[in-house]
Amino acid sequence: KKKITTQTFAEMKAAGEKIAQLTSYDFTTAGILDRAGIDSILVGDSASNVMAGNETTLPITVDEMIVYARGVVRACHHCLVVCDMPFGSYQVSREEAVRNAVRIMKETGADALKLEGGAEIVDTIRAIIAAGIPVEGHLGLTPQSIHKLGGYGLRAKEEAEAAKLLADAHALDDAGCFAITLEKVPAKLAAQVTREVKAVTIGIGAGPDTDGQVLVYADALGMTQGFKPKFLRHFADMATTMTAGVQAYVDAVKTGGFPSAEESY
Ligand code: KIV
Ligand code: NA
């Protein structure tokens with residue numbers, strides 16, 4: 001299969017072909033996703049939660065994101081790899097943002113970067129795009145601002161916030177973002193944004209009418225315990241599968257059934 005680029009994303013939007021994105025943070029998992037036909041992998045800063053066990057995405061660093069993204073890029077031959085810029089790496093100044101963006105691109109081989117926010121970071125996004133780096137925006141529930149938002153609930157329910165989100169989407173689109181993540185917003189608003197912008201929209205908890213969908217792979221494959229918001233569907237039950245495998249291994253070791261003569265040198 002041909003390598004997917006940001007141009008391919010635009011062609012898919014024009015053709016009405018949906019874009020399937022999942023997160024991944026490591027070589028082994030990314031290889032499975034790429035071979036299974038995923039269009040895009042997001043090396044999300046959700047690695048802070050999924051890989052490092054933090055409560056929020058705030059603590060993860062550029063250095064850590066680079067390690068995760070490198071492993072993913074090495075495994076991917078087909079899909080488009082997007083890497084999140086972590087909290088603190090693009091908010092201080094435009095110069096520092098471009099420096100961090102260039103560093104992540106250089107040291108990981110990712111195809112594009114994702115930043116959270118609208119009008120307030122549009123100049124930063126323009127500067128990164130001017131450096132030749134494709135940028136995906138992220139609006140609605142933006143977890144790097146969790147302390148400002150006060151919770152992980154639905155965003156843009158009220159008219160004022162919906163109008164701000166629509167204006168932000170246009171600002172990102174005008175700046176040249178190739179994609180915009182829409183997280184936890186009403187389906188109707190996500191549909192309107194999708195109709196009005198050139199960028200592809202990738203929804204999570206944003207209804208069926210975005211150009212694509214994204215989920216955290218560990219959530220989508222049923223590995224995460226005790227997290228089942230309404231927008232999430234389990235497409236596999238990996239927790240049960242892995243638990244059974246681990247139990248079978250423990251049992252085989254304890255009963256002397258593993259390794260067998262054939263498995264010994
Ligand atoms: O970090 C992440 O996993 C994300 C997706 C939920 C969009 O940003
Ligand atoms: Na993220």
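# A walk through the helices and the ligand shell

Helices H8 and H9 are roughly parallel to each other. Keep in mind as you look around that this is a predicted model.

**Stop 1: H8 and H9.** Select residues 159–175 for helix H8 and residues 187–196 for helix H9. Their axes are 10 Å apart and meet at an angle of about 25°. Because angles under 35 degrees count as roughly parallel, this pair falls into that group. H8 passes H9 in a right-handed crossing.

**Stop 2: the way into H8.** Now step back to Ala156, which sits in the loop between helix H7 (146–149) and H8. Most residues other than glycine have a negative phi.

**Stop 3: H5 and H6.** Next, highlight helix H5 (residues 94–108) together with helix H6 (residues 122–130). The angle between them is about 40°, and their axes are 9 Å apart. H5 and H6 are therefore oblique to each other. The crossing of H5 with H6 is right-handed. On the H5 side, pick Arg94, Ala97, Val98 and Ala101; their partners in H6 are Asp123, Thr124, Ala127 and Ile128. This contact between H5 and H6 is made of 5 nonpolar, 1 polar and 2 charged residues.

**Stop 4: H2 and H4.** Move to helix H2 (residues 27–36) and helix H4 (residues 62–75), which pack at an angle of about 40° with axes 8 Å apart. Here too you can look for the handedness: H2 and H4 make a right-handed crossing. Select Phe27, Ala30, Gly31 and Asp34 in H2, and look across to Gly71, Val72, Arg74 and Ala75 in H4. By class, the contact of H2 with H4 holds 4 nonpolar, 2 polar and 2 charged residues.

**Stop 5: ligand 1.** Centre the view on ligand 1 and bring up the residues around it: Thr23, Leu42, Gly44, Asp45, Ser46, Asp84, Thr181, Glu183, Ile204, Val214 and Val216. How many residues of each class make up the shell around ligand 1? There are 4 nonpolar, 4 polar and 3 charged.

**Stop 6: the annotated sites.** Stay with Asp45, found in the loop between strand E2 (40–43) and helix H3 (47–50). An unreviewed UniProt entry places a "binding site" feature at Asp45, Asp84 and Glu116. Those residues span 72 residues in sequence, yet no two of their C-alpha atoms are more than 10.8 Å apart, so they gather at one spot. UniProt (unreviewed entry) also places a "binding site" feature at Asp45, Ser46, Asp84 and Lys114. This set spans 70 residues in sequence, but no two of its C-alpha atoms are more than 12.4 Å apart, so its members gather at one spot as well.

**Stop 7: a cis peptide bond.** For the last stop, go to Pro259, in the segment after helix H11 (238–254). Is the peptide bond from Phe258 to Pro259 cis or trans? The bond is cis, with omega near 0°. Most peptide bonds are trans.

Key:
Residues are numbered from 1 along each chain as its sequence is written. Chains are lettered from A and ligands numbered from 1 in the order in which they are written. This is a predicted model: local features need pLDDT of at least 70, side-chain atom pairs count only at pLDDT 80 or more; totals for chains, interfaces and linings use all residues. A residue is near a molecule or strand if its C-beta atom, placed from the backbone, lies within 6 Å of it. Ala, Val, Leu, Ile, Met, Phe, Trp, Tyr, Cys and Pro count as nonpolar, Asp, Glu, Lys and Arg as charged, and the others, Gly among them, as polar. Axes are lines fitted to C-alpha atoms, for helices over the stretch in contact, and angles run from 0 to 180 degrees between N-to-C directions. Helices (H or I, at least four residues) and strands (E, at least two) are DSSP runs, numbered from the N terminus. Angles under 35 degrees count as roughly parallel, over 145 as roughly antiparallel, 65 to 115 as roughly perpendicular and the rest as oblique. A crossing is left-handed if the near helix is turned anticlockwise from the far one by less than a right angle, and right-handed if clockwise. Two residues are in contact if their C-beta atoms, placed from the backbone, lie within 7 Å. UniProt positions are given in the numbering used here, feature names are shortened, and annotations may be inferred rather than shown by experiment.
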